[in-house]
Amino acid sequence: MNSNLKIHLLVNETAGNGRAKKILDRMVLLLIKEKITFDVKKSAFAGEAIRLAQTYADKQHLKNEVLIIIGGDGSLNEVLNGIKRSQNPLTPFAYLPAGTGNDFGRAANLPSDPQVLLDNIKQHVFTPTLTDCGSFRLPEISEQTYYFANSFGIGFDAYVNHLSNISNLKKLLNKLNEGKLIYVLHILSALYKQDTFHVDLEANGKRWHYNDAFLVTTTNHPYLGGGIPLLPCAKIDSHKIDTVIVEKDSLKKLVKLFLDLLKDGSHLNDPQFHYIEADKITVITNQKEFAQVDGEQIKRQPFKLEFAVDQFRLYR
């Protein structure tokens, strides 16, 4: 079996402040020990994994070949977009979460240990199954469709992401394996600094308008920011997309909402918390706000977005 198996590794070594490189080194040693044929492609800069994944998926591969992604949620996003744009958009792959947040790995219940992943592949425990992802278009800018495994956030979560990415503490905390703390540290700052904004939504033949939106996040699963259960009822295989809207009435009430979120999920009953589930959702903002897609920052701007649910093939 091992002599027939061929592994293709696509790696972002900088993910998790070098955690991905350590996982790659361990995986390589395992493959050598098991006498399994493999090759390695490394993404050296932002966006390169899109090209590498598309190049891989443009070719036909045998059933004994497995593509394994090692990186963070941003790396997963690039690979997903590269494969979806290829000539074979349902090319399957496996994913070893090696970033800071790893929300998708948590939602999909994926192993983070290369030994466990390799054993599953050898024993045929993993099979490529259709897994939900989100898609979006910016119709006023381009007809290109983009994809996300986790979420597209406007407002609070994107601002926290922005503050975390520019923080000098991020690398230090990653080295201490406490990278998630960077999000916690900036939540308090963003609670004070993030403004409110108007948002219009359309879905299921209905329309909604909110004057004091604080967070507008379209998500593929429950988690945000390294395991925060923003929408526990969201499922990665529901074949639906969910948009969460959090309004800011007062700082005191908003803090209570977030404490309830972290404590027991009772934030779902808060009058400031709303969510919409549908096959397609349109989100429109008129003010310039920070945004993030799978943890990658998008420049501050107004948005008109058309979201939909899509699928890709993942070894699970």
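I began with helix α1 (residues 19-34) and helix α5 (residues 114-122), which pack at an angle of about 40° with their axes 9 Å apart; axes here are lines fitted to C-alpha atoms over the stretch in contact, and angles run from 0 to 180 degrees between N-to-C directions. The model is predicted, with local features needing pLDDT of at least 70 and side-chain atom pairs pLDDT 80 or more, while totals for chains, interfaces and linings use all residues. Residues are numbered from 1 along each chain as its sequence is written, and side-chain values use heavy atoms, without hydrogens and water.

I noted α1 and α5 as therefore oblique to each other (angles under 35 degrees count as roughly parallel, over 145 as roughly antiparallel, 65 to 115 as roughly perpendicular and the rest as oblique). For the contact (heavy atoms within 4.5 Å), I listed Ile-23, Arg-26, Met-27, Leu-30, Leu-31 and Glu-34 in α1, which meet Pro-114, Gln-115, Leu-117, Leu-118 and Lys-122 in α5.

Next I looked up helix α2 (residues 48-57) and helix α3 (residues 73-84), which pack at an angle of about 40° with their axes 7 Å apart. That makes α2 oblique to α3. Here Glu-48, Ala-49, Ile-50, Ala-53, Gln-54 and Ala-57 in α2 meet Glu-78, Val-79, Gly-82 and Ile-83 in α3.

Last, I turned to the second largest pocket, which is lined by 23 residues, with Leu-62, Lys-63, Glu-65, Pro-92 and Tyr-315 nearest its centre (on a 1 Å grid over the protein atoms alone, a pocket is an open set of points where a 1.4 Å probe fits, with protein on both sides within 12 Å along at least five of seven lines, and lining residues have an atom within 4 Å of a point).

Notes: Helices (H or I, at least four residues) and strands (E, at least two) are DSSP runs, numbered from the N terminus.
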